[in-house]
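Hello,

Here is the structure we talked about. My notes on the fold and the chain contacts follow below it.

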Amino acid sequence: MSDKENKYLTLFKIFFKMGAFTFGGGYAMIPLIESEIVEKRKWIDNEDILDIFSICQSVPGVLAVNSSLFIGFKVAGVIGALISVFSVTLPSFIVITLIFFFLKDFMTYSLVEFAFLGIRVGVVLIIINAVIKLSKSNLNAFSITVMVASFILSSIVDINVMFILIGAAIISLVFHKMKKDYLFNKKDGK
Amino acid sequence: MFYLKMFFTFFKIGLFTIGGGYAMIPLIQEEIISNGWMTETELIDFIAISESTPGPFAINVATFIGNKTSDIFGAAVCTLGVMMPSIIIVLIIAHYYERFKRNKIISTILEGLRPAVVGLIASAAFSIGKTVFINGNASSFIDSLLNINSIKCIIIFTIILLLNKMAKNKLHPILVIIISGLMGIGMFGFFS
């Protein structure tokens, strides 16, 4: 097997394993990637991998998909990227499809029905925890204003998610420009 | 063609999901629930199921809804749709890696997007909370809160909230699901 094909196969194996064993969110993937790709095979170095993770969280899509694409690309080009992303999503696809076919029957058991009445309450808490955790890294005045504004606009005024995101991006650019101009004028002693 | 519509819907969802899987929830409420492809209660159940299965929430939801509204081929179409924006954008960025890292405009935009996403997820939590705690056929808000089922839900919530505080707000999602599931069986199964 050629070197390229070897890399393709290895990417498939690594990312399939990752897709199959990462529960509840892409962050669990990070230590796995660090050990398999950075330490074991040295295909990417530590500094780069941190940059890659931060970029992957800053673009559309989920961390698992984005980082598999990025890392696959760095290791073996476009084909490597596509193989990686395909293998990381395959376990999900299989499991969820299976669950779908068994779910309807599963949900008719009253014990399950009662459990889910409680579980739905649990989900509210899980999401609130996620909000608290995410808001911790955003504790300046600007961020807090944007957070509250987007909450109000979305839940009370019922504005479309896309418009809120586009608006937030524009406001951030405007605010940044205003801040720059203010500091610039201040420096000149005006 | 229905497959095409599903593909574009999930493409849109994938495009506007930034900053993690939960960011998808408000979008799903808008695109999927409003189209009647899923009810809010089904979404809540699915969030719980997704915590207990491998894989990212976004992929799980796409696969599930594709299966639900059509067939396994539809599931593949939806999953591909939600991944497509990532594939396009990440491959371009990976190519121009260095320039992206230093771009001031992009980092400024992200400074605005991140808190906005937090606010949006909070708003999703609010609407999900309404669905869970308030029951339909009441003549007023207070009436619906006093419904025995709502009170049971509030009790369950208070207990897991206390447990969560004891665990310093880091109670693992799967534990939350198991505990609240058991309480559900207790509250609704035995005390009904």
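Chain A has 7 helices and 0 strands (DSSP runs numbered from the N terminus: H or I of at least four residues for helices, E of at least two for strands). The order from the N terminus is α-α-α-α-α-α-α. The radius of gyration, taken over C-alpha atoms, is 22 Å for chain A, well over the 16 Å that the globule rule gives for 190 residues, so chain A is more spread out than a compact globule. That rule is 2.2 Å times the number of residues to the power 0.38.

This is a predicted model: local features need pLDDT of at least 70, side-chain atom pairs need 80 or more, and totals for chains, interfaces and linings use all residues. Residues count from 1 along each chain as written, chains are lettered from A and ligands numbered from 1 in the order written, and side-chain values use heavy atoms, without hydrogens or water.

Now the interface. In chain A, 79 residues are in contact with 91 residues of chain B (heavy atoms within 4.5 Å). The two chains bury about 7,600 Å² between them, 79% of it on carbon and sulfur atoms (accessible area lost on being put together, 1.4 Å probe, summed over both).

There is 1 salt bridge between chain A and chain B (a side-chain nitrogen of Lys or Arg within 4 Å of a carboxyl oxygen of Asp or Glu). B:Asp45 and A:Arg120 form a salt bridge through their side chains, at 2.5 Å, N to O. Helix 4 of chain A gives the most to the side that touches chain B, with 22 residues.

Best wishes
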